[in-house]
Amino acid sequence: MQEPTSPTVGALAVWSSSDLPGLGDQLLPRLTEHHLSTRLPDWRISFHAPFGWTRPLRTDGGLVAEPLGEYRPRRVTALAAADLTVITPAFELGADLAALYGAPVPGAEFFTNALGEHPVLVSAVRVAGKPSPQLVSAFAGQPYPSVRDIRSRDRLADAGLQWDVAVVPHPALLADSLVSPGALATRQGDLRKLRILPAEGSYLVVQLTPDLAGELAALPPVLAKIQDFLAIEHIVLLPTAPDAPACEGHLLPADLVLEDRIAVLAGAGLVIAADEHAAAAAAGLDRRWVLLDPTGEQRWPVLEFGATKQIADRAGKLLDAVHAALKPPASRRQAVVEHFDAIAEAAQRAASGRPPARDLAAENRALRAANAALRERMFIERQRLVEQLISHTPEDEQTDEVEALRAELAEERRLHGELAERHRALAAEIDRLAADSKELAALRNTKLMRWAQPARDAYGKLRKP
């Protein structure tokens with residue numbers, strides 16, 4: 001009797017926007033890794049992002065992503081070494097990445113042109129405006145392309161894509177799988193002890209994004225009514241980035257790691273989301289949520305898992321949306337589970353035809369276990385530090401001590417930012433000098449410069465006294 005063959009062990013690459021600080025930028029690659037590693041336990045999973053580890057963030061929680069690099073044939077060949085590439089950024093495909101990153105983005109073409117014949121799977125993405133022919137071509141022929149809103153699918157169809165594209169709900173509906181309930185409770189306790197969250201009492205979370213700038217003046221009276229209606233004591237503001245608009249309430253640091261942000265959302269009596277990612281995470285954590293969407297852009301993916309009445313286009317309609325949120329719609333979690341099942345099956349098919357390679361199962365398993373142990377150790381060490389800080393500080397001095405530590409940390413971050421800025425300026429100057437040097441060398445190698453050299457030498461001698 002022939003022994004059953006073991007599943008193929010391969011390599012999977014995840015392209016995302018993990019080098020941006022937003023909640024969705026961190027959620028999508030982490031969820032993709034978590035759920036594919038359970039289905040492909042011995043596979044190697046690597047991460048890539050436009051800038052990757054050249055622009056490290058405190059919000060990424062240590063996720064290591066390789067820069068994509070320039071879109072050139074040699075780089076395309078190197079990235080095609082993975083058996084399957086999964087593309088899942090938070091930004092819309094075809095969007096202006098330079099505006100998102102604040103600088104020209106090398107390799108932006110990877111998100112629209114893909115890798116030629118190499119198997120690429122576009123997973124639960126959004127599509128901006130009118131898709132380019134390159135993007136339509138990248139979708140065509142994929143094993144299982146998917147988007148997270150109907151409008152993106154329709155845009156691809158209008159651009160000429162004659163290929164079945166699945167519409168799946170936002171993967172953050174499985175956000176509760178990233179952190180265990182016990183760890184969530186511990187993190188919430190630590191955040192309260194450190195006065196990052198209110199020391200005690202219930203709270204509602206208001207996500208702050210630049211899109212809410214025009215609604216900030218109308219928010220305070222509406223939030224007061226919602227607090228009275230739900231008997232919630234505090235307002236906690238969750239900014240998506242350091243440049244988020246200001247508002248009255250308990251402001252959280254903009255650089256909280258993903259696990260802490262999930263803990264904040266999981267403890268909220270209500271989440272007022274300003275983008276699709278926070279709304280999906282709140283739904284996945286079984287929290288009441290509403291979406292404040294003055295631009296009309298965030299509602300499209302939210303409609304895949306939420307009710308229309310939970311969405312308000314201005315602050316004045318929030319209270320009506322809260323009433324609708326008291327009776328949440330049916331969960332769409334199973335659709336996301338089946339989505340990751342389909343990706344795993346596509347990965348197995350992509351790897352099944354390649355020649356056998358050395359057994360990487362033990363190596364990949366050991367690496368994944370080591371990373372998990374490192375995250376657990378860092379979490380435990382932080383918890384012990386918090387406990388020691390609180391236990392060794394008198395009650396009346398705890399607030400002053402914590403505030404002093406916060407001020408010291410803020411100063412260290414400021415100095416680090418200045419150093420990073422000087423480093424970037426120096427790197428730019430080096431690049432400029434290198435370019436000037438290449439231009440000078442090219443000029444010297446022209447026939448005109450070589451033929452004129454004797455005359456210039458003679459003229460220089462004549463000018464000498």
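Residues are numbered from 1 along each chain as its sequence is written, and side-chain values use heavy atoms, with hydrogens and water left out. Because the model is predicted, local features need pLDDT of at least 70 and side-chain atom pairs count only at pLDDT 80 or more, while totals for chains, interfaces and linings use all residues.

Trainee: How many helices and strands does the protein have?
Mentor: Helices (H or I, at least four residues) and strands (E, at least two) are DSSP runs, numbered from the N terminus. On that basis the protein has 16 helices and 13 strands.

Trainee: What share of the residues in the protein is buried?
Mentor: Buried means under 20% relative accessible area, exposed over 50% and partly exposed in between, with a 1.4 Å probe and protein chains only. Of the 465 residues in the protein, the buried share is 44%.

Trainee: Which residue of β11 stands opposite Leu-204?
Mentor: Strand β8 (residues 203-208) runs parallel to β11 and is joined to it by three bridges. Within β11 (residues 270-273), Val-271 and Ala-273 point one way and Leu-270 and Ile-272 the other, and all are buried. The residue opposite Leu-204 is Leu-270.

Trainee: Which residue in β12 is the bridge partner of Ile-272?
Mentor: β11 pairs with strand β12 (residues 289-292) in the parallel sense, over three bridges. The bridge partner of Ile-272 is Val-290.

Trainee: Through which helix does the chain cross from β11 to β12?
Mentor: A crossover is right-handed if, with the strands pointing away from the viewer, the path from the first strand over the helix to the second runs clockwise. This β-α-β crossover is right-handed. The helix is α10 (residues 276-284).

Trainee: Which residue in β13 is the bridge partner of Leu-291?
Mentor: β12 and β13 run parallel and are joined by two bridges. The partner of Leu-291 is Ile-311.

Trainee: Why is the pair of Trp-15 and Phe-111 edge-to-face?
Mentor: Rings of Phe, Tyr and Trp (its six-membered ring) pair if their centres lie within 6.5 Å; planes under 30 degrees apart count as stacked, over 60 as edge-to-face and the rest as tilted. The structure holds six aromatic pairs. In this one the ring centres are 6.2 Å apart, and the pair is edge-to-face because the planes stand at 75°.

Trainee: How many residues apart in sequence are the parts that this pair ties together?
Mentor: Trp-15 is buried at 0% relative accessible area, and Phe-111 is buried at 3%. Trp-15 lies in strand β1 (residues 11-15) and Phe-111 in helix α4, so the separation is 96 residues.

Trainee: Which backbone oxygen does the side chain of His-118 reach?
Mentor: His-118 is found in the loop between α4 (110-113) and β5 (120-122), and is buried at 11% relative accessible area. Not counting residues up to four places away in sequence, His-118 touches Leu-79, Ala-80, Ala-82, Asp-83, Leu-84 and Thr-85, where contact means heavy atoms within 4.5 Å. The side chain reaches, at 3.4 Å, the backbone oxygen of Ala-82.

Conventions. Pairing = 2+ DSSP bridges. Polar contact = N/O pair within 3.5 Å; in protein donor to acceptor, adjacent residues only side chain to side chain.
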